[in-house]
Amino acid sequence: MQFKIALVTAAIATLAVAATTPRANGCSTGLRLCCEHAQSVAEVAKDPELIAQLKHFGINTKDLTGFVGDFCAQVTDPEFTGCYYGRDLCCTNYSTAFSTGCTLYQ
């Protein structure tokens, strides 16, 4: 019984560390992306044309958090040093048109 408790405790500790440790791509959640543009949700809310485009792509604008990136490409090279034309983001919902649930890559 004590072995089972120790095993469960070790598993929980491992999950807690994994949840807060950045992945190899440098993001703690989501994918690392290089996006041409990045706008905060507050900026998006002020742009009716952008809201219409997001809705066209089936994105519920009421559920947006963080940043929205557009014209994004996934970063897969661990030696990548950063976007030369846009912003590095970590996004939970990746699309080349609009990526959502993004935070700024640090």
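The torsion about the S-S bond of C35 and C72 is about 110°, so this disulfide is right-handed. A disulfide is taken here as a pair of cysteine sulfur atoms within 2.5 Å. The sulfur atoms of C35 and C72 lie 2.0 Å apart. C35 belongs to strand β1 and C72 to strand β2, so the pair ties together parts that are 37 residues apart in sequence. Helices (H or I, at least four residues) and strands (E, at least two) are DSSP runs, numbered from the N terminus. C35 counts as buried because its relative accessibility is 0%. C72, at 5% relative accessibility, also counts as buried. Buried means under 20% relative accessible area, exposed over 50%, and partly exposed in between, with a 1.4 Å probe and protein chains only.

The model is predicted: local features need pLDDT of at least 70, side-chain atom pairs count only at pLDDT 80 or more, and totals for chains, interfaces and linings use all residues. Residues are numbered from 1 along each chain as its sequence is written, and side-chain values use heavy atoms, with hydrogens and water left out.

By the sulfur distance rule, the count comes to four disulfides. A disulfide is a covalent bond between the sulfur atoms of two cysteines. With bonded cysteines counted along the chain, the pattern is 1-6, 2-5, 3-4, 7-8.

One of these links joins C27 to C90, with the sulfur atoms 2.0 Å apart. Its torsion about the S-S bond is -80°, and the link is left-handed. C27 sits in the loop between α1 (2-20) and β1, while C90 sits in strand β3, so the pair ties together parts that are 63 residues apart in sequence. Both C27 and C90 are buried.

Another disulfide is formed by C91 and C102, again with sulfur atoms 2.0 Å apart. The torsion about the S-S bond of C91 and C102 is about 110°, so this link is right-handed. C91 lies in strand β3 and C102 in strand β4, so the pair ties together parts that are eleven residues apart in sequence. C91 is buried, with a relative accessible area of 1%. C102 counts as buried at 1% relative accessibility.

Four strands close into it in the order β1-β2-β4-β3, and the pairing is antiparallel. Neighbouring strands of this sheet are turned by 65° against each other on average, direction ignored. These angles refer to axes, which are lines fitted to C-alpha atoms, for helices over the stretch in contact; angles run from 0 to 180 degrees between N-to-C directions. Two strands pair if DSSP finds at least two bridges between them. Strand β3 (residues 87-93) is joined to β4 by four bridges, and the two run antiparallel. Within this pairing, C90 stands opposite T103 in β4.

Helix α3 spans residues 48-56, and its residues L50, I51 and L54 are buried. They cover an arc of only 100° around the axis, which puts them on the same side of α3. The arc is that of the directions from the helix axis to the C-beta atoms. The buried residues of α3 are covered by elements including β1 (31-40), α2 (41-45), β2 (67-74) and β4 (98-104). Contact means heavy atoms within 4.5 Å. The face of α3 turned away from its buried side carries the exposed residues P48, E49, K55 and H56. Just after α3, G58 takes a positive phi of about 80°.
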